[in-house]
Amino acid sequence: MPQSRIPLYARPLSGQPLRTARSMKITAPLPLHEARGLLDRLDQAQSVEEKEYKDQLREFQLQFLALQRKLIASRRTLMVVFEGPDAAGKGGAIKRLVEKLDPRTIRVYSIVKPTAEEYRHHYMWRFWSKVPPEGEMAIFDRSWYGRVLVERVEGFATREEWKRAYDEINAFEETLFHGGTIIVKLYLQISKDEQLERFKKREADPAKAWKINDEDWRNREKWDAHNIAAEDMFARTATRHAPWHVVAANFKWHTRVRVLKTLCGRLEKVV
């Protein structure tokens, strides 16, 4: 992976292969062979002690609240995309991301399969209506990237359609960027063993059993295909104005702090 496309914490020593990292930032398109295996190189053996977690969570939540006020004053918009396998902790990360914010200028969208009306339009149609107005933010629990992820793997989009979608998505995000939108894209990755453990806990907990269904188990059977689709997505849709942040997510406390830290770091530079 070219060093200009990854952050310091993911860079290898000169002449050595890429080492494992807790997270990676991909800021430019990659040759497919360089993206392959990227998810397997994440260092999942990362955790944080409870006191440190609570202290850092509060620190970054308050920092993000202050940055929200600056965003409102700047009249720019923020769009945050969360992708990742089932049970990767996207919902929990989003909950901690927004719980201290002013709710009047936030919209959170959980993206599921299109409605009958949405099926009658181009697949991007339903996302244009969710672009936030000036000074506000929209957070997506799954997104337009479904076209090149689940729709590709499950065959809901033809090969021609999902291959064309990379350019369509890049054009969409570039248009938003030039209109003043800040785009932050996060991919939360867990190991296959960790996903199985979380699935079993959900099934055993009456309060969380609604979070898992037959479709989740079916998706798990295509784990490798989903990883390949995600790595191709990083290779084709990482850009300077809309990079991908890939986060090791086996430990939820670490993930939540990393997500907040990433958002704060991005907003500090532009608002």
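Colleague: What should I know before reading the values?
Modeller: This is a predicted model, in which local features need pLDDT of at least 70 and side-chain atom pairs count only at pLDDT 80 or more, while totals for chains, interfaces and linings use all residues. Residues are numbered from 1 along each chain as its sequence is written, and side-chain values use heavy atoms, with hydrogens and water left out.

Colleague: How many salt bridges are found in the whole structure?
Modeller: The search finds 18; a salt bridge is a side-chain nitrogen of Lys or Arg within 4 Å of a carboxyl oxygen of Asp or Glu.

Colleague: Which residue does Arg75 meet in a salt bridge?
Modeller: Its partner is Glu134, at 2.7 Å from N to O.

Colleague: Where do Arg75 and Glu134 lie?
Modeller: Arg75 is in the loop between H2 and strand S2 (77–83), and Glu134 is in the loop between helix H5 (125–128) and strand S4 (137–141), so the pair ties together parts 59 residues apart in sequence. Helices (H or I, at least four residues) and strands (E, at least two) are DSSP runs, numbered from the N terminus.

Colleague: And Lys185 and Glu173, buried or exposed?
Modeller: Both Lys185 and Glu173 are buried, where buried means under 20% relative accessible area, exposed over 50% and partly exposed in between (1.4 Å probe, protein chains only). Their closest N and O atoms are 3.1 Å apart in a salt bridge.

Colleague: Is Arg75 buried or exposed?
Modeller: Arg75 is exposed, with a relative accessible area of 57%.

Colleague: Which residues are linked in a network of salt bridges?
Modeller: The network links Arg36, Arg152, Glu231 and Asp232.
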